[in-house]
Amino acid sequence: MKIIQKFRRVLTALVLVLVLTTTAACSGTVQAKQPTQLPSGISHSADYAVLSRGNSVQGQDFGNWVVSTAKGIVQDAYVRDNNKLGIVIAPQVRPTEVRPLAKSLLQGFHKNFPNQDLKVLMYAPDKKLILTAEYDKQSQQIEYK
């Protein structure tokens with residue numbers, strides 16, 4: 001008698017799993033709708049993943065590298081058009097350290113994206129622009145604003 005009861009319980013459990021699986025699978029699924037208007041420069045929904053650090057694979061990689069190697073000095077970084085680097089600094093960065101940090105980042109940016117004018121935008125932790133460093137490839141000089 002015990003064997004029949006165990007068999008009946010197992011069979012009931014399997015039928016329950018089958019019913020729940022088919023009910024969940026066959027019930028109406030909600031599909032996400034594609035936005036009606038995409039931001040400029042974005043053509044596919046897969047491109048949204050790239051926007052976090054850069055709008056190109058090379059920019060994405062450089063932005064990720066900056067954040068990972070900055071050891072807490074940089075909270076966030078992004079690269080746009082392979083010539084603009086935006087940096088959000090951490091609260092512990094002193095105002096006297098911002099310009100040398102921008103210069104260092106600009107030098108690394110130039111090594112990865114040579115032969116073009118470059119711009120590094122430094123933002124405070126509250127995301128307000130505090131410094132812009134521009135590299136002119138012809139004069140090979142950095143101008144701070």
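Mentor: Start with Thr132, which lies in strand S4, residues 129–136. Keep in mind that this is a predicted model.

Trainee: Okay. Is Thr132 buried or exposed?
Mentor: Thr132 is buried, because its relative accessible area is 9% and the cut-off for buried is under 20%.

Trainee: What does Thr132 touch, not counting residues up to four places away in sequence?
Mentor: Thr132 touches Lys119, Val120 and Leu121, and also Glu143, Tyr144 and Lys145.

Trainee: Where does Lys145 lie?
Mentor: Lys145 is in the segment after strand S5, which covers 141–144. With a relative accessible area of 53%, Lys145 is exposed.

Trainee: And which residues is Lys145 in contact with, leaving aside neighbours within four places?
Mentor: Those are Leu131, Thr132 and Glu134.

Trainee: What do the side chains of Glu134 and Lys145 form?
Mentor: They meet in a salt bridge, at 3.5 Å from N to O. Glu134 lies in strand S4 and Lys145 in the segment after S5, so this pair ties together parts that are eleven residues apart in sequence. Glu134 counts as partly exposed, at 22% relative accessibility.

Trainee: How many salt bridges does the structure hold?
Mentor: Four. One of them pairs Asp81 with Lys84, where the closest N and O atoms are 3.6 Å apart. Asp81 is partly exposed at 48% relative accessibility, and Lys84 is partly exposed at 31%.

Trainee: What about Glu97 and Arg94?
Mentor: Their side chains also meet in a salt bridge, 3.5 Å from N to O. Glu97 is partly exposed at 32% relative accessibility, while Arg94 is exposed, with a relative accessible area of 54%.

Trainee: Changing topic. Which residues gather in a patch of positive charge on the surface?
Mentor: Lys2, Lys6, Arg8 and Arg9. Of these, take Arg9: it lies in helix H1, residues 2–26. Arg9 is exposed, with a relative accessible area of 63%.

Trainee: Where is the place of Val57?
Mentor: Val57 is in helix H2, which runs over residues 57–69.

Trainee: Buried or exposed, that Val57?
Mentor: Exposed: the relative accessible area of Val57 is 61%, where the cut-off for exposed is over 50%. Val57 and Asn82 are 25 residues apart in sequence, and their C-alpha atoms are 9.7 Å apart in space.

Trainee: Now the whole chain. What does its secondary structure come to?
Mentor: Three helices and five strands. Along the sequence, the pattern is α-α-β-β-α-β-β-β.

Trainee: What share of the chain do buried residues make up?
Mentor: Buried residues are 27% of the 145 residues. The accessible surface of the chain comes to about 10500 Å², and carbon and sulfur atoms hold 57% of that.

Trainee: And the contacts in the chain with a separation of 6 or more, what part of them comes from residues 24 or more positions apart?
Mentor: Such residues account for 41% of those contacts.

Definitions and conventions. Residues are numbered from 1 along each chain as its sequence is written. This is a predicted model: local features need pLDDT of at least 70, side-chain atom pairs count only at pLDDT 80 or more; totals for chains, interfaces and linings use all residues. Side-chain values use heavy atoms; hydrogens and water are left out. Patches are made of residues with over 30% relative accessible area and no salt bridge: like charges are joined within 9 Å, nonpolar side chains (Val, Leu, Ile, Met, Phe, Trp, Tyr) within 5 Å. Accessible areas come from the Shrake-Rupley method with a 1.4 Å probe; for residues, only the protein chains shown count as cover. Lys and Arg count as positive and Asp and Glu as negative; His and the chain ends are not counted. The place of a charge is taken as NZ of Lys, CZ of Arg, CG of Asp or CD of Glu. Helices (H or I, at least four residues) and strands (E, at least two) are DSSP runs, numbered from the N terminus. Buried means under 20% relative accessible area, exposed over 50%, partly exposed in between (1.4 Å probe, protein chains only). Contact means heavy atoms within 4.5 Å.
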